[in-house]
Structures are given as structure tokens and as C-alpha cells.
Amino acid sequence: MNRIHVWPSLTRRTAVAAAFALLSTAALAQAYPTKAIKLVVPYAPGGSADIAARLVSDEWAKALGGSIFIENKGGAGGNIGVDMVAKAAPDGYTIGLQTVSLAINPALTAKMPYDTLKDLTPIGLVASSQHVLVVNNSLPAKNIQELVALLKAQPGKYSYGSAGAGSTFHMSAELFKAVAGVPIVHIPYRGGGPAMIDTISGQVALSFPVLSAAQPHVQAGKLRALGVTGPKRSGLMPDVPTIAEAGLPNYSFETWFIVFAPAGTPQPVVDKLNTALNQALGTVALKERMAKDGFDPMPSTPEQARARLEKEMPLWAKLIKERGITSE
């Protein structure tokens with residue numbers, strides 16, 4: 001008699017294979033990390049993203065039980081460095097840190113080298129920081145309402161400096177123009193430092209630098225601060241109102257920082273990175289260091305980080321289309 005061998009169903013075999021894969025992935029995550037982790041910052045050293053990365057990396061590595069080293073890979077508004085992460089092996093050993101530009105760039109760049117939501121896996125949010133509207137001391141406006149009136153009365157006469165087309169300096173100013181309904185000429189620079197220097201000298205009337213970078217110049221009386229861009233006042237400039245409370249209630253802009261891995265990174269590895277990151281952000285030492293540089297910690301889950309991206313991408317796309325903003 002022929003014996004008939006009955007094989008397990010395809011569904012059952014798939015389930016068994018998936019279970020073994022899950023066990024393997026969980027074991028991998030338990031041992032992770034076994035070597036140094038590369039944290040890619042898609043800008044040159046010294047900027048806000050680089051500062052945020054260097055602030056968090058030591059405490060994060062300590063909580064993770066490993067080591068993290070930073071690699072700066074600037075260019076194309078951050079797209080080159082982010083693309084480097086997107087195309088890296090999804091093993092948790094190459095990750096990245098980017099600003100709110102991760103949500104802005106898809107609408108600003110004609111040909112993106114990666115798909116933000118498909119090619120990247122958010123690990124978590126790191127922190128937020130504010131910009132501040134500063135004006136040259138010769139400008140007669142002493143507050144936001146006077147500035148808006150001045151700009152409306154003499155359209156096209158005044159200019160603002162930014163750290164470059166598509167930068168957070170640029171976008172915070174364009175949002176201000178949209179909300180206030182004022183025309184200001186954009187002068188892009190190669191970095192925030194030169195833009196601030198020319199604001200001090202009067203080559204441009206105003207700019208929106210990172211608050212921590214502007215603070216020494218405001219304290220020295222070289223610039224006048226009219227309003228911080230975020231939803232609340234900053235401990236670095238407690239006497240300076242928010243732009244919203246100073247007369248533009250619909251205005252709010254924060255630079256936030258997010259860390260991410262290549263798509264396909266095992267979820268247990270992502271979760272382990274997230275847990276260690278949140279643990280680091282909760283330490284008193286890191287909170288104090290962040291506060292001195294104008295950063296507010298933003299612990300989150302990977303899902304909350306993705307939700308932030310998904311919420312803001314269409315908002316920036318709408319503003320960029322309506323204002324005709326380009327990265328050129």
C-alpha cells in the first residue's frame with residue numbers, strides 16, 4: 001500500500017517560519033548593540049542638528065550599553081545625509097538625526113533621492129528648539145505690531161537673511177510673511193552665522209536665527225529681539241514674548257529633531273533604541289545641558305514620531321505651494 005505523506009499547510013509552514021524569524025530577531029535585539037553605532041547628521045558641524053546630536057549621543061549610548069559616533073554628511077539641505085541612512089543596511093548600526101526639514105524637503109525638492117515615509121523608520125523625537133525674530137537696531141519698529149505696520153507701509157523695501165534656501169531660518173520667515181501678510185525680500189546666505197552678521201551690520205533688516213545663537217548678540221545690544229517663534233517663551237530669553245502673544249496669534253514655528261533608521265530595521269532594535277533614547281532624555285544631566293542651549297526634550301514612541309512627520313508634511317507642502325517657495 002502506498003503511504004500518503006500529508007505536508008503541513010502553506011499557512012502553517014509560513015507561521016512556523018515567521019515564529020522562528022521572530023525569535024531570531026528578538027535574540028538579535030537582545031544582544032544589540034555589539035559594535036559602535038553611526039549617527040549621521042546631514043549638516044556641517046556646529047549647526048543646531050549637530051549640537052542636538054552631540055548633546056544626546058553620550059547619554060543615549062550609556063543607556064544603550066554601547067557607543068555612538070557622529071558622522072557629518074552635509075549637502076542638498078540635508079538630503080544627502082538622510083539618503084545615506086535610507087540606503088544603509090537595516091541593522092541598527094547606521095541611523096540618522098534630522099530637523100523638521102525631514103517634513104519640509106519632500107515638497108521643496110523636485111527630485112528626492114528617497115521616500116521619507118517608505119524608506120525611513122522613525123525611532124523617536126529628540127528635542128525642539130526655537131528661532132527668534134531679530135532686527136537691526138536702526139529699524140524703528142520696537143515690537144511685532146510696529147514691524148508688521150512698517151513692512152506693510154513700505155512693501156519690498158526691507159529684506160531678511162536666512163541660512164540658505166529651504167533652511168529652517170527661511171521657512172520660519174516665510175511662515176511669518178504668510179501669517180502677517182507682509183512682503184519681505186529673501187536674501188539667502190551660506191549659513192546662519194553670516195546672515196546674523198549682516199543683520200547686525202544692517203545689510204538686511206531682520207532675520208530668524210536659532211535662539212541660542214542669537215542670545216549673546218541680543219544681550220550685548222547688537223540686535224533687538226521682537227519675538228520667539230515657538231508656542232511658549234524661552235528660558236534663554238524670558239522677557240521676549242512669543243510672536244503669537246505679541247500680535248500674530250496664528251503664528252508658531254519650532255525646529256524639532258527626529259532620529260530614524262533605514263526601513264526594514266527590526267522592530268525590536270527600533271524599540272530598544274527608542275527606550276534608551278527616552279531614558280537618556282529623562283536624565284537630569286542631559287535636561288540641564290539641553291536647557292543651556294535652548295533645547296526642550298521631546299521623548300516619544302516611534303509611532304508618535306511617525307505621526308508628527310505625517311501631520312506636518314502636508315502642512316508644509318501647502319505653504320510651499322501657495323508661496324511658490326523653492327530650494328534654489
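# Exercises on a predicted model

Leaving aside its neighbours within four places in sequence, Asn-105 is in contact with Gly-77, Asn-79, Gln-98 and Met-112, where contact means heavy atoms within 4.5 Å. The model is predicted, so that local features need pLDDT of at least 70 and side-chain atom pairs count only at pLDDT 80 or more, while totals for chains, interfaces and linings use all residues. Residues are numbered from 1 along each chain as its sequence is written, and side-chain values use heavy atoms, with hydrogens and water left out.

## Exercise 1: Asn-105

Find the element that holds Asn-105, decide whether Asn-105 counts as buried or exposed, and name the residue whose side chain it joins in a polar contact.

*Solution.* Begin with the element: Asn-105 belongs to helix 4, residues 101–108. Helices (H or I, at least four residues) and strands (E, at least two) are DSSP runs, numbered from the N terminus. Next, take the accessibility: buried means under 20% relative accessible area, exposed over 50%, and partly exposed in between, using a 1.4 Å probe and protein chains only. Because its relative accessibility is 4%, Asn-105 counts as buried. Finally, the side chains of Asn-105 and Asn-79 are joined by a polar contact of 3.3 Å. A polar contact is a pair of N or O atoms within 3.5 Å; within protein, one must be able to donate a hydrogen and the other to accept it, and residues adjacent in sequence count only if both atoms are side-chain atoms.

Asn-79 is itself one of the buried residues of helix 3, together with Gly-81, Val-82, Asp-83, Val-85 and Ala-86. Six of the eight residues of helix 3 are buried, so this helix is largely enclosed by the rest of the structure. Those buried residues pack against strand 1, strand 3, helix 4, helix 5 (116–119), strand 4 and strand 10.

## Exercise 2: the sheet and strand 3

Give the order of the strands in the open sheet, and then describe which way the residues of strand 3 point.

*Solution.* First, the six strands of the open sheet follow the order 2-1-3-10-4-11, with mixed pairing. Its edge strands, each of which pairs on one side only, are strand 2 (68–72) and strand 11 (295–297). From one strand to the next, the twist averages 30°. Two strands pair if DSSP finds at least two bridges between them.

Second, look at the neighbours of strand 3. Strand 1 (residues 37–41) runs parallel to strand 3 and is joined to it by three bridges, and Lys-38 stands opposite Thr-94. Strand 10 pairs with strand 3 in the antiparallel sense, also over three bridges, with Gln-98 opposite Ile-258.

Third, consider the directions. In a regular strand the side chains alternate between the two faces of the sheet. Here Thr-94, Gly-96 and Gln-98 point one way, Ile-95 and Leu-97 point the other way, and all are buried. Since five of the five residues of strand 3 (residues 94–98) are buried, this strand is largely enclosed by the rest of the structure.

## Exercise 3: two backbone details

What is the phi of Ala-76 near, and which peptide bond is cis?

*Solution.* Most residues other than glycine have a negative phi, and most peptide bonds are trans. The phi of Ala-76, however, is positive, near 55°, and this residue is found in the loop between strand 2 and helix 3. The cis peptide bond runs from Tyr-32 to Pro-33, with omega near 0°; Pro-33 is found in the loop between helix 1 (10–31) and strand 1.

Technical notes:
Axes are lines fitted to C-alpha atoms, for helices over the stretch in contact, and angles run from 0 to 180 degrees between N-to-C directions.
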